[in-house]
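Let's take a walk through one part of this model together. Have the sequence and the 3D view at hand as we go.

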Number of protein chains: 2
Amino acid sequence: MTDQHKSSGPCEGLAKLQQALKKNRRDAHHRYFQLATVAADGTPRNRTVVFRGFAPQEDGLLVITDTRSEKMTELSAPCRAEVAWYFTHTREQFRLRVRVNAITPDEQDAGLLALRKRVWTGLSDAAREQFFWRSPGSPLGEGERPAAGTGLPGTFAVLVLRPDYIDHLVLAKVQTRHLSRFDHGHWHEQSLNP
Amino acid sequence: MTDQHKSSGPCEGLAKLQQALKKNRRDAHHRYFQLATVAADGTPRNRTVVFRGFAPQEDGLLVITDTRSEKMTELSAPCRAEVAWYFTHTREQFRLRVRVNAITPDEQDAGLLALRKRVWTGLSDAAREQFFWRSPGSPLGEGERPAAGTGLPGTFAVLVLRPDYIDHLVLAKVQTRHLSRFDHGHWHEQSLNP
């Protein structure tokens with residue numbers, strides 16, 4: 001017996017993710033997740049990033065990055081990535097397959113540039129400071145320094161991650177697993193064996 | 001000024017990882033990390049797995065998997081993966097590029113089969129039980145059931161992850177980043193800009 005149905009509204013996976021964000025607020029690390037990409041040589045890359053909120057009127061997740069980072073090289077063209085987000089308090093995992101778009105200073109769309117500015121404005125001083133450091137990942141003390149300036153640094157980019165596949169696993173005493181999959185303009189909902 | 005040197009012993013990254021495991025023992029989730037692979041279609045996959053200890057006399061990390069899982073399909077041949085392991089208490093991240101080998105019931109090497117058995121013996125009843133469930137990821141209530149038996153189930157496999165590149169980032173007030181890279185029979189150690 002399968003429990004499958006279609007929906008044109010927001011999907012169950014994202015609704016559950018929003019609930020998990022609330023339920024896990026007590027943990028400082030609840031906004032950290034792992035983002036997997038594929039490098040130019042075809043091997044996988046994985047790193048912890050900080051969730052910076054949802055894109056307005058879209059189901060996109062926002063993260064920030066330095067345009068000089070390896071992550072940026074792997075994500076410079078629109079591409080696919082996978083999020084693994086484990087909430088330690090409620091013991092549940094979300095795996096989101098996403099399309100990634102980067103908003104850099106070269107962006108032409110005024111709405112996206114405004115979004116980049118809004119995310120920058122919301123950052124702590126400590127988070128901002130890093131965009132004025134030497135190139136991340138270069139040998140210590142070497143690497144380019146970004147040009148000083150009073151506005152948004154050219155090293156600052158926002159990544160928009162738009163999910164089309166959300167696999168939600170709950171590790172309670174009775175384990176459950178649910179899949180939300182976007183296809184042909186609809187979210188398809190299905191319960192899976194854990 | 002770079003701080004680079006060679007070593008033929010165990011690397012600094014693994015020594016730091018062992019320290020982090022001790023320092024974060026208070027957290028039930030300190031043994032959870034995220035493992036990124038590449039699917040047959042070239043897109044990345046990412047999931048949370050549980051660290052099951054180190055391989056004896058080797059620097060390999062052990063995790064377990066179900067031979068019927070998608071993870072197993074992606075890792076059936078020796079291949080590359082990347083671990084992202086964030087320790088929430090000490091606020092440090094390890095990224096390990098690894099070669100993966102799976103130990104399945106078809107394994108011919110007696111030492112590796114003994115390791116598979118040892119890992120099985122160390123599991124909790126709850127962890128063992130899952131290998132007797134229907135196929136993970138199949139629609140709820142469908143999917144094959146493994147054959148019942150008293151010995152190790154044929155669905156049980158151990159993955160050995162051998163790192164050759166460890167990027168250790170500490171998010172303390174003063175951030176530090178250190179790279180251990182195995183090349184030509186030696187570990188090369190270097191401090192990087194965070």
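Where in chain B is the place of B:Q190? B:Q190 sits in strand 9 (residues 186–192) of chain B, where strands are DSSP runs of E with at least two residues, numbered from the N terminus. This is a predicted model, in which local features need pLDDT of at least 70, side-chain atom pairs count only at pLDDT 80 or more, and totals for chains, interfaces and linings use all residues. Residues are numbered from 1 along each chain as its sequence is written, chains are lettered from A and ligands numbered from 1 in the order in which they are written, and side-chain values use heavy atoms, with hydrogens and water left out.

B:Q190 counts as buried because its relative accessibility is 13%; buried means under 20% relative accessible area (1.4 Å probe, protein chains only).

Now look across to the neighbouring strands. Strand 8 and strand 9 of chain B run antiparallel, joined by seven bridges; pairing requires that DSSP finds at least two bridges between two strands. Here B:L179 stands opposite B:Q190. Two residues lie between these strands in a hairpin, and B:H184 in the turn has a positive phi of about 50 degrees. A hairpin of five residues connects strand 7 to strand 8 of chain B.

Finally, visit B:R177 in strand 8 of chain B. B:R177 counts as buried because its relative accessibility is 16%. Its contacts (heavy atoms within 4.5 Å) include B:Q190, B:D167 and A:P136.

Notes:
Helix = DSSP H or I, 4+ residues; strand = E, 2+ residues; numbered from the N terminus. Buried < 20%, exposed > 50% of the residue type's maximum accessible area, 1.4 Å probe, protein only. Lists of a residue's contacts leave out its neighbours within four places in sequence.
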